[in-house]
Amino acid sequence: MNIEKFIARRKELGYSQSELARGICTQATISKFENGGKMISTKILTQLCQRLNLSLSDIFPGPVDHDSKMFEKLARAEFDLITMEYDEALGILDGLALEEMGNDDTKMEYLFIKGYLLALNNQPSDAAFCFDQILDGYDETHQTIYSQLAYVGLGLSFEQQEKFDRAEFYFAKMPAWLKTITTNDVETTWKSLTMLFYTGDYYSKRGETATGTMLLESLVDLSAAQHVTFYVARAKFRLAQNYSRQGADSQQIQDAVDEAYVFAKFNGNQKLIARINEYRLKN
């Protein structure tokens with residue numbers, strides 16, 4: 001790998017190792033990569049390269065394998081899913097083909113992202129087919145985190161159809177699964193945050209505010225522990241609304257709104273910024 005190019009671009013853009021790592025990995029991970037050539041996961045490397053405006057092919061001396069190129073695009077689509085840029089994410093996925101992917105993890109990554117996007121775009125039947133391919137195809141023994149993502153995705157699909165009894169069946173699996181989460185792996189953290197957000201958001205909107213608040217506060221704690229900021233803005237905004245329903249003092253509510261705005265600004269989530277501004281005008 002051309003690690004020197006990676007280091008040169010980081011310095012050219014004025015990032016310290018800690019600044020580059022923020023929200024993606026630890027400073028120690030970058031230090032080991034730059035100083036000792038210790039390889040990191042494709043997903044983390046992709047995110048770091050995106051922040052530096054590099055592609056994986058820029059730092060590999062030879063051709064990057066086909067699945068790595070696809071995973072680079074999937075990482076971008078997953079980030080767009082988090083920041084609510086659904087059309088952009090679907091545009092990325094439209095340029096990919098499941099049958100061209102050689103690795104089952106890559107296929108499940110594609111199916112999980114596409115399923116959530118379809119569910120959020122009111123296409124529940126197509127979304128359910130994506131999740132069924134994970135549960136009854138690539139992970140029949142339900143040993144990977146993609147099965148848990150599929151369960152939450154099915155809950156989201158039924159929620160969009162207002163079939164709340166069915167949605168509850170799938171969302172109810174999430175709090176128990178929380179006890180089994182290991183938070184040392186960045187990829188697991190990202191996906192755990194996705195499940196925490198949509199489950200906490202569901203219970204909050206259904207009026208089960210205590211459960212929703214517990215899940216969303218767990219998301220904030222996990223984000224802080226792992227230095228990942230991408231879901232904090234959305235969680236804080238929903239928490240502000242929960243605190244209001246729970247009769248919290250006005251300062252706690254205002255702090256949550258302000259923090260939501262800061263994190264939305266940091267991560268470039270323009271749609272959420274618009275929602276927060278609208279909320280402030282009404283309140």
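**Salt bridges and the domain interface**

Glutamate 12 and arginine 9 lie 3 residues apart in helix H1 (residues 3–12), so about one helical turn separates them. In this predicted model, the two side chains form a salt bridge in which the closest N and O atoms are 3.6 Å apart. Glutamate 12 is exposed, with a relative accessible area of 61%, whereas arginine 9 is partly exposed at 21%.

The whole structure contains 11 salt bridges. Among them is the pair formed by lysine 191 and glutamate 78, at 3.6 Å from N to O. Lysine 191 belongs to helix H13 (residues 186–205) and glutamate 78 to helix H6 (residues 66–82), so this pair ties together parts 113 residues apart in sequence. Both lysine 191 and glutamate 78 are buried. Lysine 191 also meets glutamate 109 in a salt bridge, at 3.1 Å from N to O. Glutamate 109 lies in helix H8 (residues 104–120), and the pair is 82 residues apart. The relative accessible area is 0% for glutamate 109 and 2% for lysine 191.

The protein is divided into domain 1 (3–58) and domain 2 (67–282), with C-alpha centres 26 Å apart. Contacts involve 15 residues of domain 1 and 16 residues of domain 2. About 1300 Å² is buried between the domains, 61% of it from carbon and sulfur atoms. Gly23, Lys43 and Gln50 supply 43% of the area that domain 1 buries against domain 2. The count of salt bridges between the domains is 0.

Notes
Residues are numbered from 1 along each chain as its sequence is written. This is a predicted model: local features need pLDDT of at least 70, side-chain atom pairs count only at pLDDT 80 or more; totals for chains, interfaces and linings use all residues. Side-chain values use heavy atoms; hydrogens and water are left out. Domain bounds come from an automatic or database domain assignment. Contact means heavy atoms within 4.5 Å. Buried area is the accessible area (1.4 Å probe) that two parts lose on being put together, summed over both. A salt bridge is a side-chain nitrogen of Lys or Arg within 4 Å of a carboxyl oxygen of Asp or Glu. Helices (H or I, at least four residues) and strands (E, at least two) are DSSP runs, numbered from the N terminus. Buried means under 20% relative accessible area, exposed over 50%, partly exposed in between (1.4 Å probe, protein chains only).
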